Each structure stands twice: as C-alpha cells, then as structure tokens.
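Open the model in your viewer and switch to cartoon view. Keep the selection tool at hand. We will go stop by stop.

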Amino acid sequence: MPEATQRFFDHRPESVKAARDFTTRTLRAWGLNDNGDIRLVVSELATNALAHGSDADHGFLIRLEPDDGGVRLEVHDSRHPSRPLPEPASTGPAAETGRGLVIVAALAARWGVTPRQPRGKIVWSHFPATPPATATRPVQEARTC
C-alpha cells in the first residue's frame with residue numbers, strides 16, 4: 001500500500017487549483033480513480049481554508065492517506081483558536097455562499113473536524129476506493145503550516 005503524502009500550499013487563490021492538481025497526481029500515482037468527488041471536496045476545503053481558516057501569512061496543508069477501504073483527505077489550517085469549528089450551513093436557494101460543507105457531507109462517506117495543536121483545525125473526509133490498479137511511488141512533498 002502506498003504511503004500517506006502531504007503538501008503545503010501558500011495563502012493564494014492559485015493554491016486551490018494547485019491542491020486539486022496535487023490530489024489528482026497523487027491518486028493517479030497510487031492507481032486510484034477519482035470520479036471527481038475528491039477533487040471537488042479538495043476545492044471546497046482549500047477555498048474554506050483560505051477564506052476562513054488562515055491568515056494571509058499562513059497557508060494550508062493537504063494530506064492524503066490511502067487505507068484498505070479508500071482514501072482519507074485532510075485539510076489542515078491555522079485558524080485562530082477563538083473561531084468556532086465549522087458546521088454545514090442551512091442556506092436558502094438564493095444564497096451565493098455557504099454550501100461548501102454541505103457538498104463535503106454529500107460526497108464523502110464520512111467527514112469531521114478536529115482541533116489542531118497549537119492552533120488551527122483539520123477538516124477530514126473519507127472516500128471509498130474505486131478498484132485500484134498497481135500503485136506506484138507516492139508523491140513526496142511536505143512542509144508544515
């Protein structure tokens with residue numbers, strides 16, 4: 001089984017696309033197929049990390065971990081400890097924002113939020129694996145938040 005991998009992304013709008021691309025490359029290297037659900041959840045969570053979970057001088061970290069049943073996706077941010085942990089919002093049909101965690105809850109088999117020390121949070125989600133091909137080497141790119 002491939003090893004978990006992670007990558008740090010700077011606090012810039014372009015980092016959302018870079019996080020999607022990192023996820024796609026990693027899943028392909030592991031021989032896993034993504035029907036688009038994981039990429040969409042990465043987009044939502046990376047966008048939330050930029051908008052709500054980190055200051056301009058802090059970025060976010062994407063961690064992908066394979067297991068026998070699928071893939072665990074984590075997005076680590078540096079949220080200030082006084083901010084409440086996120087929950088899916090109840091938005092009206094005309095609302096232009098507030099659906100990110102609703103999408104995560106709909107697409108992931110499981111998801112949750114865990115406080116991170118010394119500050120921040122981890123928003124994690126789990127996706128069942130589509131039948132894997134022979135996995136190749138993991139993508140190794142790491143930095144800390």
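How close do the axes of α1 and α2 come, and at what angle do they cross? Select both helices to see. This is a predicted model. In it, the two axes come within 9 Å and cross at roughly 145°. The crossing is right-handed.

**Stop 1: the helix contact.** Show side chains on α1. Pick Val-16, Ala-19, Arg-20, Asp-21, Thr-23, Thr-24 and Leu-27. They meet Ile-38, Arg-39, Val-42, Ser-43, Ala-46, Thr-47 and Leu-50 of α2. Colour this contact by class: seven residues are nonpolar, four polar and three charged.

**Stop 2: the sheet.** Hide the side chains and select the strands. The sheet is open, with five strands in the order β1-β2-β3-β5-β4 and antiparallel pairing. Now go to its edges: β1 (5–9) and β4 (110–115). Each has a single partner strand, so one side of each lacks a neighbour in the sheet. From one strand to the next, the twist averages 15°.

Stop 3: Select residues 60–67 for β2 and 70–77 for β3. The two strands run antiparallel and are joined by seven bridges. Click Leu-61: the residue opposite, in β3, is His-76.

**Stop 4: helices on the sheet.** Bring back α1, residues 14–29. Helix α1 lies across β1, β2 and β3, and runs at about 165° to β1.

How values were computed: Residues are numbered from 1 along each chain as its sequence is written. This is a predicted model: local features need pLDDT of at least 70, side-chain atom pairs count only at pLDDT 80 or more; totals for chains, interfaces and linings use all residues. Side-chain values use heavy atoms; hydrogens and water are left out. Two strands pair if DSSP finds at least two bridges between them. Helices (H or I, at least four residues) and strands (E, at least two) are DSSP runs, numbered from the N terminus. Axes are lines fitted to C-alpha atoms, for helices over the stretch in contact, and angles run from 0 to 180 degrees between N-to-C directions. Contact means heavy atoms within 4.5 Å. A crossing is left-handed if the near helix is turned anticlockwise from the far one by less than a right angle, and right-handed if clockwise. Ala, Val, Leu, Ile, Met, Phe, Trp, Tyr, Cys and Pro count as nonpolar, Asp, Glu, Lys and Arg as charged, and the others, Gly among them, as polar.
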